[in-house]
Amino acid sequence: MQLTFLGKESTGGQSPTLYATDRDSYVVQGWKVADPAVLALETDQETVVEVPAPLMRHLAKNGLDGEVTRIEAPIIDVTAEGNYIIQGARITDEAALALMDIPSHETCVEVPARQMLNLVASSR
């Protein structure tokens, strides 16, 4: 998997990051989720991450609008703080993982580009 860095929302050791891939998808790096109700939605192949909503503005660097107009998959929840809970495929590509700086309190997911497009597509 080839990664193209799109952007980061960093504050105090936190590093939610967005990448485009060569597989018509995006990799979303964010905080691990601790909520048992949300974790119950995980599968062997999928997991969840929490990211600040402004991270999605970096989609514009890859030709998408970047402004989320719909809350639907891959966003499965919005926290009280306005952060997005995003569900996607677990990243198992060792070469891709080696390129990312992932602190122990973070993880990452892969989301098909068509799902990200649905988030920013106009609902009109």
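**Asn118 is partly exposed in this predicted model, with a relative accessible area of 34%.** Partly exposed covers the range between buried, which is under 20% relative accessible area, and exposed, which is over 50%, as computed with a 1.4 Å probe and the protein chains only. The model is predicted, and local features therefore need pLDDT of at least 70, side-chain atom pairs count only at pLDDT 80 or more, and totals for chains, interfaces and linings use all residues. Residues are numbered from 1 along each chain as its sequence is written, and side-chain values use heavy atoms, with hydrogens and water left out. Asn118 belongs to helix 3, where helices are DSSP runs of H or I with at least four residues, strands are runs of E with at least two, and both are numbered from the N terminus. When residues up to four places away in sequence are not counted, Asn118 touches Arg70 and Glu72, contact meaning heavy atoms within 4.5 Å. Cys108 lies ten residues from Asn118 along the chain, and the C-alpha atoms of the two are separated by 20 Å.

**The buried residues of helix 3 (residues 113-120) are Ala113, Met116, Leu119 and Val120.** Viewed down the axis of helix 3, these buried residues fall within an arc of 115°, so they line one face of the helix; the arc is that of the directions from the helix axis to the C-beta atoms. The cover over the buried residues of helix 3 includes strand 2 (17-21), strand 3 (25-32), strand 5 (75-78) and strand 7 (106-112).

**Gln29, a residue of strand 3, is buried, with a relative accessible area of 1%.** Although Gln29 and Leu55 are 26 residues apart along the chain, a separation of 9.9 Å is found between their C-alpha atoms.

**Asp24 has a positive phi of about 55° although it is not a glycine.** Most residues other than glycine have a negative phi. Asp24 sits in the loop between strand 2 and strand 3, and its relative accessible area of 60% makes this residue exposed.

**The peptide bond from Ala73 to Pro74 is cis, with omega near 20°.** Most peptide bonds are trans. Pro74 is placed in the loop between strand 4 (46-51) and strand 5.

**Pro54 and Asp65 can also be viewed in the loop between strand 4 and strand 5.** Pro54 is partly exposed, with a relative accessible area of 42%, whereas Asp65 is exposed, with a relative accessible area of 51%. Leaving aside its neighbours within four places in sequence, Asp65 is in contact with Ala60 and Val120, and Val120 is one of the buried residues of helix 3. The C-alpha atoms of Asp65 and Ile91, which are 26 residues apart along the chain, are separated by 25 Å. For Pro54 and Ala95, which are 41 residues apart along the chain, the separation of the C-alpha atoms is 27 Å.

From the N terminus on, its elements follow the order β-β-β-α-β-β-β-α-β-α. The radius of gyration is 13 Å, close to the 14 Å that the globule rule gives for 124 residues, so the protein is as compact as a globular protein of that length; the radius is taken over C-alpha atoms, and the rule is 2.2 Å times the number of residues to the power 0.38. Along the principal axes, the C-alpha atoms fill a box of roughly 40 × 35 × 30 Å. Of the 124 residues, 44% count as buried, and among contacts between residues at least 6 apart in sequence, 63% join residues at least 24 apart.

**The protein exposes about 6,500 Å², and carbon and sulfur atoms supply 48% of that area.** Accessible areas come from the Shrake-Rupley method with a 1.4 Å probe, and for residues only the protein chains shown count as cover. There are 9 positive and 18 negative side chains in the protein, and the centres of the two sets lie 5 Å apart. Lys and Arg count as positive and Asp and Glu as negative, while His and the chain ends are not counted, and the place of a charge is taken as NZ of Lys, CZ of Arg, CG of Asp or CD of Glu.
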